[in-house]
Amino acid sequence: MFVSRSSVLYYAAASALLKGFATETVGVLGWTAASTSTKNNHALLGRQFSGLKMSSGDFDETRGGTHSLADQVKRFAEAQEEKNERYLDISSVFDGNDLAGKRVLVTGGNRGLGLAITKELVAIGATALVVCRSTNSDLEKLVGKYNVYSGVDVTDTEAVNKAVKAVKSDGGALDVVINNAGYFYEPEEKIDSLNFEEQIKQIDVCGLGPLRVNAACVNNNVLADGAKLVIITSQAGSAEWRSTQNANEGGDYGHHMSRAACNMAGKLFSEEVRSKGYAVLLLHPGFNRTEMTAKYSHIWDIEGAVDASEGAKRVLKEVIDGSMETTGQFINCEDGKQIPW
């Protein structure tokens, strides 16, 4: 049976008003109902919710301060103006002790942000286990040769299942899984230069990769009670933010589609494993100065890009703070606030 969006909105708003709520927000769509008393609920319904607004002039994209700003330059500038330590100096608020002694698996932990996360895990006393396509002597010295599971591509379901089984049999259940492996197509994609093969590859790595790894961990019973499944996604996966960050330009189709697919899979997964007590955390790591973002090095400074070591602490702070109360939320690790879908 088809149910129109307007019917759903009407039902949701009607239910809220009849229960006597003063204000109700359907945050996903950005609708806000004007404040009213219980005795006027029926009258408001009869006026077809004239208090609902979605005009660009009235819309608060921060949803009352719970969500980040889409404009990266403005976001960074406001953090500087406010002297926001959480944003500007993560070390001032970061305490990684909660991860000490935990077994943490990191995909793509051999380079870039993944390597920085691995180094920070080792520094705080966690057991870091790295799943990657290729290894090296420095990585093996860092985490221990037998804690590196190389030759594993997250697009290979059989290899992923084999790796997670080996991780558990070698040392026990996992407390945290950090899906960091990703892929970014360097050339700019416009409608006259679309590369469909590369788009599929990005979706396979960035969208399906975390789903393969997380599903393998659940299906093979390799997770400890209360384990956290972390997905390093990107603000690029926010459809709402394209109107700001890609206004009048579009572009990079594969990148944005792959991250949107990643977010949808993560959200669905969070609902399916909720009853098992596993929290699923979708994290935008912030703007980091890595090989993957070198394409945008000309805007690193103005948009507040940080060294990967700082980015790692931002991610791990959200890993520690994440819980079943925040499972399925899309979080910006720069400020700890949500990003709209």
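Predicted model: local features only at pLDDT ≥ 70, side-chain atom pairs only at ≥ 80, totals over all residues.
Asp252 counts as buried, at 12% relative accessibility. Asp252 sits in the loop between H9 and H10. Which residues does Asp252 touch, once its neighbours within four places in sequence are left aside? The contacts of Asp252 are with Pro187, Glu188, Glu189, Lys295 and Tyr296.

The loop that holds Asp252 also holds Asn248, between helix H9 (242–245) and helix H10 (253–272). Is Asn248 buried or exposed? Asn248 counts as exposed, because its relative accessibility is 86%, and the cut-off for that class is over 50%. Its backbone also deserves a remark. Most residues other than glycine have a negative phi. Asn248 is not a glycine, yet it has a positive phi of about 60 degrees.

I turn now to a pair of helices. Two packed helices are described by the angle between their axes and the distance between the axes. For helix H7 (residues 157–171) and helix H8 (residues 196–219), the axes come within 9 Å and cross at roughly 45 degrees. H7 and H8 are therefore oblique to each other, and their crossing is right-handed. Which residues make the contact? From H7 come Thr157, Val160, Asn161 and Val164, while H8 supplies Arg212, Val213, Ala216 and Cys217. By residue class, the contact of H7 with H8 comprises 5 nonpolar, 2 polar and 1 charged.

Finally, let me place these details in the whole chain. The protein chain contains 11 helices and 11 strands. It has 341 residues, of which 46% count as buried. How much of the contact within the chain links residues 24 or more positions apart? Among contacts with a separation of 6 or more, such pairs account for 66%. The protein chain exposes about 17100 Å², and 51% of that area is supplied by carbon and sulfur atoms.

Note on methods
Residues numbered from 1 in each chain as written. Heavy atoms only, no water. Helix = DSSP H or I, 4+ residues; strand = E, 2+ residues; numbered from the N terminus. Buried < 20%, exposed > 50% of the residue type's maximum accessible area, 1.4 Å probe, protein only. Contact = heavy atoms within 4.5 Å. Areas by Shrake-Rupley, 256 points an atom, 1.4 Å probe, with all protein chains shown as cover. Axes fitted to C-alpha atoms, helices over the stretch in contact; angles between N-to-C directions. Parallel < 35°, antiparallel > 145°, perpendicular 65-115°, else oblique. Left-handed = near helix turned anticlockwise from the far one by under 90°. Nonpolar A, V, L, I, M, F, W, Y, C, P; charged D, E, K, R; others polar.
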